[in-house]
Amino acid sequence: SVYEDFEDSVQIKGRGNSTWGYPKKPYRLKFDKKKKPFGLTNGKSWVLLANYQRGSLMANAIAMKVGQLAEAPYTNHIIPVEVYLNGQYMGSYMFTEKVGFGNNSVDIDEDLGTGYMLELDDYYDEAFKFKSDSYRLPVNIKEPDLTELEEAEAMQKFFNIQGDFNRFETSLYNNGRISDMLDLDAAARFMLANDLVMNQEIGHPKSTYLWREDYTSADSKIVFGPLWDFDWAF
(Lines give C-alpha, C1' and ligand atoms only; values in the text may rest on other atoms or scores of the structure.)
Protein backbone atom coordinates (compact mmCIF):
# COMPACT_ATOMS: atom_id res chain seq x y z
CA SER A 1 0.00 0.00 0.00
CA VAL A 2 2.97 2.33 -0.36
CA TYR A 3 2.38 2.97 -4.07
CA GLU A 4 -0.69 2.72 -6.26
CA ASP A 5 -0.99 -0.40 -8.42
CA PHE A 6 -0.86 -0.22 -12.18
CA GLU A 7 -1.22 -2.91 -14.80
CA ASP A 8 0.48 -3.01 -18.20
CA SER A 9 2.30 -5.29 -20.63
CA VAL A 10 6.10 -5.28 -20.46
CA GLN A 11 9.06 -6.92 -22.15
CA ILE A 12 11.43 -8.69 -19.77
CA LYS A 13 14.89 -10.15 -20.37
CA GLY A 14 17.91 -11.19 -18.37
CA ARG A 15 20.72 -8.72 -17.83
CA GLY A 16 24.11 -8.43 -16.11
CA ASN A 17 27.50 -10.02 -16.59
CA SER A 18 28.74 -12.04 -13.61
CA THR A 19 25.41 -11.45 -11.82
CA TRP A 20 23.57 -13.48 -14.49
CA GLY A 21 25.55 -16.53 -13.41
CA TYR A 22 24.00 -16.61 -9.93
CA PRO A 23 20.83 -18.58 -9.04
CA LYS A 24 18.84 -15.38 -8.44
CA LYS A 25 18.71 -13.54 -11.78
CA PRO A 26 18.62 -9.78 -12.49
CA TYR A 27 16.23 -8.52 -15.18
CA ARG A 28 15.59 -5.60 -17.48
CA LEU A 29 12.05 -4.34 -18.07
CA LYS A 30 10.97 -2.33 -21.10
CA PHE A 31 7.52 -0.81 -21.61
CA ASP A 32 6.18 0.14 -25.04
CA LYS A 33 5.54 3.66 -23.77
CA LYS A 34 7.02 5.71 -20.97
CA LYS A 35 5.60 4.81 -17.57
CA LYS A 36 5.91 6.40 -14.15
CA PRO A 37 6.06 3.51 -11.66
CA PHE A 38 6.42 4.21 -7.92
CA GLY A 39 6.26 7.97 -8.48
CA LEU A 40 9.55 8.03 -10.44
CA THR A 41 10.21 9.98 -13.64
CA ASN A 42 8.59 8.73 -16.85
CA GLY A 43 10.71 6.17 -18.66
CA LYS A 44 10.53 3.06 -20.81
CA SER A 45 13.47 1.04 -19.45
CA TRP A 46 13.92 -0.18 -15.87
CA VAL A 47 15.98 -2.75 -13.99
CA LEU A 48 15.34 -5.32 -11.28
CA LEU A 49 18.55 -5.81 -9.27
CA ALA A 50 18.82 -9.19 -7.56
CA ASN A 51 21.46 -8.28 -4.93
CA TYR A 52 22.42 -11.94 -4.67
CA GLN A 53 26.01 -11.34 -3.54
CA ARG A 54 25.15 -9.48 -0.35
CA GLY A 55 22.95 -11.04 2.31
CA SER A 56 21.77 -7.65 3.56
CA LEU A 57 20.26 -6.88 0.11
CA MET A 58 21.18 -3.24 0.85
CA ALA A 59 24.58 -2.53 -0.74
CA ASN A 60 23.19 -0.80 -3.85
CA ALA A 61 20.45 0.98 -1.90
CA ILE A 62 22.89 2.53 0.57
CA ALA A 63 25.37 3.45 -2.15
CA MET A 64 22.70 5.23 -4.20
CA LYS A 65 21.54 7.09 -1.08
CA VAL A 66 25.14 8.19 -0.52
CA GLY A 67 25.26 9.34 -4.15
CA GLN A 68 22.10 11.39 -3.65
CA LEU A 69 23.50 12.97 -0.48
CA ALA A 70 26.74 13.75 -2.34
CA GLU A 71 24.59 15.27 -5.12
CA ALA A 72 26.29 13.16 -7.78
CA PRO A 73 24.39 13.94 -11.03
CA TYR A 74 21.56 11.60 -12.07
CA THR A 75 21.98 9.14 -9.21
CA ASN A 76 19.45 6.29 -9.46
CA HIS A 77 16.54 5.73 -7.10
CA ILE A 78 16.03 2.40 -5.37
CA ILE A 79 12.60 0.91 -4.64
CA PRO A 80 12.55 -2.45 -2.76
CA VAL A 81 10.01 -4.82 -4.30
CA GLU A 82 8.88 -8.42 -3.94
CA VAL A 83 8.93 -10.09 -7.37
CA TYR A 84 6.53 -12.77 -8.58
CA LEU A 85 6.97 -14.16 -12.09
CA ASN A 86 4.11 -16.22 -13.51
CA GLY A 87 2.81 -16.67 -10.00
CA GLN A 88 6.13 -17.92 -8.61
CA TYR A 89 7.89 -15.93 -5.89
CA MET A 90 11.34 -14.88 -7.14
CA GLY A 91 12.57 -13.00 -4.08
CA SER A 92 13.30 -9.49 -2.84
CA TYR A 93 14.59 -7.20 -5.59
CA MET A 94 15.41 -3.54 -6.12
CA PHE A 95 13.57 -1.63 -8.83
CA THR A 96 15.67 1.14 -10.38
CA GLU A 97 16.31 3.14 -13.53
CA LYS A 98 18.32 1.66 -16.42
CA VAL A 99 21.40 3.82 -16.87
CA GLY A 100 21.39 5.56 -20.24
CA PHE A 101 20.03 8.56 -22.09
CA GLY A 102 16.37 9.13 -21.27
CA ASN A 103 13.95 11.07 -19.11
CA ASN A 104 14.39 8.67 -16.20
CA SER A 105 18.21 8.56 -16.29
CA VAL A 106 20.56 11.06 -17.96
CA ASP A 107 18.17 13.63 -19.40
CA ILE A 108 19.90 15.46 -22.27
CA ASP A 109 18.86 16.92 -25.61
CA GLU A 110 19.26 13.79 -27.76
CA ASP A 111 18.05 15.69 -30.85
CA LEU A 112 21.51 17.26 -31.06
CA GLY A 113 22.88 13.90 -32.16
CA THR A 114 26.31 14.72 -30.73
CA GLY A 115 26.09 13.22 -27.26
CA TYR A 116 27.60 9.98 -26.01
CA MET A 117 27.77 7.76 -22.95
CA LEU A 118 30.74 5.49 -22.32
CA GLU A 119 31.26 2.63 -19.90
CA LEU A 120 34.79 1.83 -18.76
CA ASP A 121 34.51 -1.90 -18.21
CA ASP A 122 36.98 -4.73 -18.70
CA TYR A 123 34.21 -7.07 -19.84
CA TYR A 124 34.71 -5.09 -23.06
CA ASP A 125 31.71 -6.68 -24.74
CA GLU A 126 29.85 -3.96 -26.66
CA ALA A 127 29.60 -3.99 -30.45
CA PHE A 128 31.44 -0.65 -30.63
CA LYS A 129 34.44 -0.37 -28.31
CA PHE A 130 38.09 0.75 -28.24
CA LYS A 131 41.16 0.81 -26.02
CA SER A 132 42.12 4.35 -25.12
CA ASP A 133 45.43 5.80 -26.31
CA SER A 134 47.25 6.68 -23.10
CA TYR A 135 45.98 4.38 -20.35
CA ARG A 136 44.65 1.56 -22.58
CA LEU A 137 41.30 1.69 -20.83
CA PRO A 138 38.54 -0.62 -22.12
CA VAL A 139 35.95 1.85 -23.43
CA ASN A 140 32.47 0.62 -24.43
CA ILE A 141 30.11 2.95 -26.30
CA LYS A 142 26.71 2.67 -24.56
CA GLU A 143 24.96 5.65 -26.15
CA PRO A 144 24.05 6.17 -28.92
CA ASP A 145 23.27 2.68 -30.14
CA LEU A 146 25.49 2.69 -33.21
CA THR A 147 24.17 -0.70 -34.35
CA GLU A 148 20.93 1.05 -35.32
CA LEU A 149 22.69 3.36 -37.82
CA GLU A 150 23.91 2.86 -41.37
CA GLU A 151 27.51 1.66 -41.41
CA ALA A 152 29.03 4.90 -42.72
CA GLU A 153 27.21 7.06 -40.17
CA ALA A 154 27.95 4.61 -37.35
CA MET A 155 31.69 4.58 -38.11
CA GLN A 156 31.83 8.38 -38.37
CA LYS A 157 30.20 8.75 -34.95
CA PHE A 158 32.45 6.01 -33.56
CA PHE A 159 35.62 7.85 -34.64
CA ASN A 160 34.26 11.19 -33.38
CA ILE A 161 33.53 9.72 -29.94
CA GLN A 162 36.83 7.85 -29.80
CA GLY A 163 38.75 10.98 -30.74
CA ASP A 164 36.93 13.12 -28.20
CA PHE A 165 37.64 10.75 -25.31
CA ASN A 166 41.27 10.30 -26.34
CA ARG A 167 41.79 14.07 -26.42
CA PHE A 168 40.53 14.29 -22.85
CA GLU A 169 42.63 11.33 -21.70
CA THR A 170 45.77 12.62 -23.40
CA SER A 171 45.36 15.96 -21.65
CA LEU A 172 45.02 14.13 -18.32
CA TYR A 173 48.06 11.96 -19.08
CA ASN A 174 50.17 15.01 -19.92
CA ASN A 175 49.04 16.96 -16.84
CA GLY A 176 47.08 19.33 -19.04
CA ARG A 177 44.18 21.57 -18.10
CA ILE A 178 41.41 18.98 -17.93
CA SER A 179 38.90 21.51 -16.57
CA ASP A 180 38.40 22.63 -20.17
CA MET A 181 36.79 19.26 -20.93
CA LEU A 182 35.77 17.78 -17.56
CA ASP A 183 33.05 18.82 -15.12
CA LEU A 184 35.31 18.84 -12.06
CA ASP A 185 32.49 19.33 -9.55
CA ALA A 186 30.58 16.30 -10.83
CA ALA A 187 33.79 14.25 -10.92
CA ALA A 188 34.53 15.13 -7.29
CA ARG A 189 31.02 14.12 -6.20
CA PHE A 190 31.30 10.89 -8.19
CA MET A 191 34.63 10.02 -6.54
CA LEU A 192 33.39 11.04 -3.09
CA ALA A 193 30.41 8.67 -3.31
CA ASN A 194 32.60 5.79 -4.54
CA ASP A 195 35.17 6.44 -1.82
CA LEU A 196 32.62 6.62 1.01
CA VAL A 197 31.30 3.14 0.16
CA MET A 198 34.75 1.76 -0.74
CA ASN A 199 33.83 0.80 -4.29
CA GLN A 200 37.07 -0.53 -5.75
CA GLU A 201 35.60 -1.65 -9.07
CA ILE A 202 36.35 1.72 -10.65
CA GLY A 203 40.01 0.63 -10.46
CA HIS A 204 39.55 -2.47 -12.66
CA PRO A 205 37.66 -0.66 -14.22
CA LYS A 206 34.09 -1.95 -14.19
CA SER A 207 30.69 -0.25 -14.45
CA THR A 208 32.26 3.23 -14.63
CA TYR A 209 30.09 5.58 -16.69
CA LEU A 210 30.74 8.99 -18.17
CA TRP A 211 28.87 11.07 -20.71
CA ARG A 212 28.91 14.27 -22.72
CA GLU A 213 25.90 16.03 -24.17
CA ASP A 214 27.59 17.65 -27.16
CA TYR A 215 31.15 16.85 -28.21
CA THR A 216 31.06 19.67 -30.77
CA SER A 217 30.55 22.37 -28.13
CA ALA A 218 33.29 23.78 -25.90
CA ASP A 219 30.61 24.56 -23.31
CA SER A 220 29.69 20.88 -22.96
CA LYS A 221 31.85 18.99 -20.44
CA ILE A 222 32.47 15.31 -19.76
CA VAL A 223 30.50 14.23 -16.70
CA PHE A 224 31.37 11.15 -14.65
CA GLY A 225 28.34 9.04 -13.70
CA PRO A 226 25.73 7.91 -13.14
CA LEU A 227 26.89 5.74 -10.26
CA TRP A 228 26.30 2.03 -10.82
CA ASP A 229 26.92 -1.45 -9.40
CA PHE A 230 27.97 -1.64 -5.77
CA ASP A 231 27.66 -5.39 -5.26
CA TRP A 232 31.35 -5.52 -4.29
CA ALA A 233 31.57 -2.24 -2.37
CA PHE A 234 31.85 -1.72 1.39
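**Reading the predicted model**

Me: What does K34 count as at 43% relative accessibility?
Reply: Buried means under 20% relative accessible area, exposed means over 50%, and partly exposed lies in between (1.4 Å probe, protein chains only). At 43% relative accessibility, K34 therefore counts as partly exposed.

Me: What kind of model is this?
Reply: Residues are numbered from 1 along each chain as its sequence is written, and side-chain values use heavy atoms, with hydrogens and water left out. Local features need pLDDT of at least 70, side-chain atom pairs count only at pLDDT 80 or more, and totals for chains, interfaces and linings use all residues; the model is predicted.

Me: Which strand holds K34?
Reply: Helices (H or I, at least four residues) and strands (E, at least two) are DSSP runs, numbered from the N terminus. The strand with K34 spans residues 27-35 and is β2.

Me: How many salt bridges does the structure hold?
Reply: Side chains of opposite charge can pair when their charged atoms come close. A pair counts as a salt bridge if a side-chain nitrogen of Lys or Arg is within 4 Å of a carboxyl oxygen of Asp or Glu. The number of salt bridges in the structure is nine.

Me: How many residues apart in the chain are E71 and R189?
Reply: The side chains of E71 and R189 meet in a salt bridge with an N to O distance of 3.8 Å. E71 lies in the loop between α1 and β4 (79-85) and R189 in helix α3, so the pair links distant parts of the chain, with a separation in residues of 118.

Me: Which residue is linked with E71 and R189 in a network of salt bridges?
Reply: E71 is exposed, with a relative accessible area of 54%, whereas R189 is partly exposed at 26%. In the network of salt bridges, E71 and R189 are linked with D185.

Me: How many residues apart in sequence are the parts that E126 and K142 tie together?
Reply: E126 forms a salt bridge with K142, and their closest N and O atoms are 2.9 Å apart. E126 lies in the loop between β6 and β7 (129-131) and K142 in strand β8, so the separation in residues is 16.

Me: How far apart are the closest N and O atoms of D180 and R177?
Reply: D180 is partly exposed at 43% relative accessibility, and R177 is exposed at 62%. The two form a salt bridge, and the distance between their closest N and O atoms is 3.2 Å.

Me: Which residues make the nonpolar surface patch of about 280 Å²?
Reply: Patches are made of residues with over 30% relative accessible area and no salt bridge; like charges are joined within 9 Å, and nonpolar side chains (Val, Leu, Ile, Met, Phe, Trp, Tyr) within 5 Å. Areas come from the Shrake-Rupley method with a 1.4 Å probe, and for residues only the protein chains shown count as cover. This patch is made by M58, I62 and F234.

Me: Which residues gather in a patch of positive charge on the surface?
Reply: Lys and Arg count as positive and Asp and Glu as negative, while His and the chain ends are not counted. The place of a charge is NZ of Lys, CZ of Arg, CG of Asp or CD of Glu. On the surface, the patch of positive charge gathers K13, K30, K34 and K44.

Me: Which residues gather in a patch of negative charge on the surface?
Reply: D107 is partly exposed, with a relative accessible area of 42%, and lies in the loop between β5 (88-97) and β6 (116-120). The patch of negative charge is formed by D107, D109, E110 and D111.

Me: What is the omega of the peptide bond from E143 to P144?
Reply: P144 is found in the loop between β8 and α2. The bond from E143 to P144 is cis, with omega near -5°.
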